[in-house]
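Here's a quick briefing on the fold and contacts of the model below. Have a look at the structure, then go through the points in order.

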Amino acid sequence: MGDIMSSAWLIARKDLAIEFRTRTAFLSAVVFALLGLVIFYFAWDPTAVTTTDLAPGVLWVIFTFSGLLGLHRSFGVEMADHAIDGILASPVSREAIFLGKCIANLVFVIAVQLIAIPALVVFYNLPLGTVAGPLLAIAVLAAIGLAAVGTLFSAMAVNTRLAELLLPMLALPFFVPIVIGAAQATAKLIGGRPVVEVAAWIKLLIAFDIVFVAACALAYPFTVED
Amino acid sequence: MSSTISQSGPPVVEVAALTRAFASRPAVAGVSFSLAAGECLALFGPNGAGKTTLLRVLAGLLKPTSGSARISGIPLPGGSLARSRVGLISHHTMLYDALSPRENVSFAARLYGVRDPRERVDSALRRMSMLERADTPVRSLSRGMQQRVSIARAMVHSPQIVLADEPYSGLDDSGARALTSLLRELLSAGTSIVIVTHNLSEGLSLATHAAVMNRGKFIRYESAARIDPATYATLYREALAAGG
C-alpha cells in the first residue's frame, strides 16, 4: 500500500507541476466559474428567488462543469507524445496511476473551489459565518467523488476522437448523486439550518466517495488494456 | 517461420508461438524466438508488419492473444517485476513537453524506484550529451534532442532488456553514433536488446540475430554468424517478395 501511495503521489506531483507550468486548465476553469457566477446572478430576478435559494444550485453547477475542464486535461496531457506508455511500461501498478491522477484532479477541483466559494459569498452576499467549515468539508467530500469518477471516464474518453464530448456524457450521470447530496447539504447550511441536519447528507457523500474511489480504482486497469 | 537459436546462457527473452490479434486480425502471428543476456535481435520489415505490436507485448503494454512471452522467466503481461527489467525506446518520445529533460528523466527514475536518482539522471543525460540542456523545457528542444532525452529516460534504471522501436528516428549523425555506442556498451554489459529499424546497416551492426517480419510472421530468422551485411539487403527484398 505504501508503494502504491508513493507512486500515486509521484504521478500527482508530476501532473500538478505540468499544470503549474502551463496553467491552461486551471485558468480556464477559474474564468469559467467566475463567469458562471456572474451570469447566474444577473439571469435571476432577486425579488423572485432569494440568493440563499439560488446559490447552492449555482455553486454545484459551476463546480461540476469547471471540474470537467481539468478532468479532460488529466489524460489529455499523457497522449501528446504517448507519455502514458512510459508510465504503463514502468513497474508502477495501474491502481497507483489511477490514484495519482485522481489526487491531481482532486487538488485541481479544490483549487477552483477555493477561488469560487469566496467569489460566490461576495457576489451573492451570503451569510456564511459559522457554516464555512462544514461547507468546505462538503466541498472536499464532493470533490473526491467528482475527481474519482471524472478520472476514470477521462481515461476512457481520451482515446476517442470525441473526447471533449464523450467525457461529460459519461461522467455527468455519475456526478448526479454526488451533486444532489452536496447541493442539498449546501442549501441547508446556507439556509441557516443546524449542522446536525446535514449529517445524513455528509454520511451519504462519504459513502459515495468510498464506493466511487474503490470502484473506479478497480475499473481503471481495464481502460488501459488494449 | 519460427526458430530457436542456440543460447550462450539462460534466455532473458523467450517468445513462443506468440499471437496478438486486434479484433480478428492478427498483428503478430505465431512468432517464436529467444535471446540470452548480451544478445541483440534486429527486427526488420515493412510498415504494418507487426514489429511495434511485438515490442509492445514484450513491454507489457499489450496482452498476448495466444502463445507466451517471458522476460527473465516471468510470463507477460507480468507484474511490476517484469516491467522493471525493461527499458522502452519508441519513435514516440513519451516525454512531457512542459517539463525539462531533467524532470522527465527524474520522473522515470522515480517510477522505476532508482536509488540516488539525481546522480543517475545526470549520468543518463550526460551520456546522451543533453546535460547542458537539462533544464530547458522539452517543447523548446528539437526532435532529435527530444529523442536523446527519451533514450536517457529509457536507460536511467539500467534495464536488463532494451526494446528499441525506431530509436534512430530524428537523431542526427552524432546522436545516432552516441546511441549505437551506448547500445554496444549495453550489449557488452549483458543487456539484451530487441531493436526495430528500417535501417539495415544500423540494425545489423548491433545484431547477434536478425529477423524479417511481414504480416505478423518471421519470414527470415538467423544468427549473426550467418548474416552477411553486404548481401542482407538483397535477402531482405527477396524474403519480402516471397513471404509477402
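Keep in mind that this is a predicted model. Let's start with a helix pair in chain B: helix H3 (residues 101-111) and helix H4 (residues 117-127) have axes that come within 9 Å and cross at roughly 125°.

- Two packed helices are described by the angle between their axes and the distance between the axes.
- With the crossing at roughly 125°, H3(B) and H4(B) are therefore oblique to each other.
- As for handedness, H3(B) passes H4(B) in a right-handed crossing.
- On the H3(B) side, the contact is made by B:Pro101, B:Arg102, B:Val105, B:Ser106, B:Ala109 and B:Arg110.
- H4(B) answers with B:Pro117, B:Arg120, B:Val121, B:Ala124 and B:Leu125.

**The four-stranded sheet of chain B**

- One open sheet of chain B has four strands in the order S2-S1-S4-S5, and the pairing is antiparallel.
- Its edge strands are S2 (25-36) and S5 (74-75) of chain B, each of which pairs on one side only.
- Helix H1 (residues 51-58) of chain B packs on this sheet and touches S1, S2 and strand S4 (66-71) of chain B.
- The direction of H1(B) makes about 60° with that of S2(B).
- Eight bridges link strand S1 (residues 11-22) of chain B to S2(B) in the antiparallel sense, and B:Val13 has B:Leu35 of S2(B) as its bridge partner.
- S1(B) also pairs with S4(B), again in the antiparallel sense, over five bridges; here B:Ala16 is bridged to B:Ser68 of S4(B).
- S4(B) and S5(B) are joined in the antiparallel sense by two bridges, with B:Ile71 standing opposite B:Ile74 in S5(B).
- The hairpin of S4(B) and S5(B) has two residues between the strands, and B:Ser72 takes a positive phi near 50° there.

**The six-stranded sheet of chain B**

- Another open sheet of chain B has six strands, ordered S6-S7-S8-S3-S9-S10, and its pairing is mixed.
- S6 (86-89) and S10 (217-223) of chain B are the edge strands, each pairing on one side only.
- On average, neighbouring strands of this sheet are turned by 15° against each other, direction ignored.
- Helix H5 (residues 143-155) of chain B packs on the sheet, touching S6 and strand S7 (161-165) of chain B.
- The direction of H5(B) makes about 170° with that of S6(B).
- For a parallel pair, look at strand S3 (residues 40-44) and strand S8 (residues 192-196) of chain B, joined by four bridges.
- Within that pair, B:Leu43 has B:Val196 of S8(B) as its bridge partner.

- Most residues other than glycine have a negative phi, and most peptide bonds are trans.
- Which peptide bond is cis, with omega near 0°? The one from B:Leu76 to B:Pro77.
- B:Pro77 is found in the loop between S5 and helix H2 (80-84) of chain B.
- B:Ser129 has a positive phi, near 55°, in a residue other than glycine, and lies in the loop between H4 and H5 of chain B.

**Chain A**

- Chain A has eight helices and zero strands.
- The radius of gyration of chain A is 18 Å, close to the 17 Å that the globule rule gives for 226 residues, so chain A is as compact as a globular protein of that length.
- Along its principal axes, the C-alpha trace of chain A spans about 60 × 35 × 30 Å.

**Where the chains touch**

- 22 residues of chain A are in contact with 25 residues of chain B.
- Helix H1 (2-22) and helix H4 (83-88) of chain A each supply at least two residues of the chain A side.
- Which element gives the most to the side of chain A that touches chain B? H1(A) does, with six residues.
- That side of chain A divides into eleven nonpolar, five polar and six charged residues.

Notes
Residues numbered from 1 in each chain as written. Chains lettered and ligands numbered in written order. Predicted model: local features only at pLDDT ≥ 70, side-chain atom pairs only at ≥ 80, totals over all residues. Pairing = 2+ DSSP bridges. Contact = placed C-beta atoms within 7 Å. Axes fitted to C-alpha atoms, helices over the stretch in contact; angles between N-to-C directions. Parallel < 35°, antiparallel > 145°, perpendicular 65-115°, else oblique. Left-handed = near helix turned anticlockwise from the far one by under 90°. Nonpolar A, V, L, I, M, F, W, Y, C, P; charged D, E, K, R; others polar. Rg over C-alpha atoms; globule rule 2.2 N^0.38 Å.
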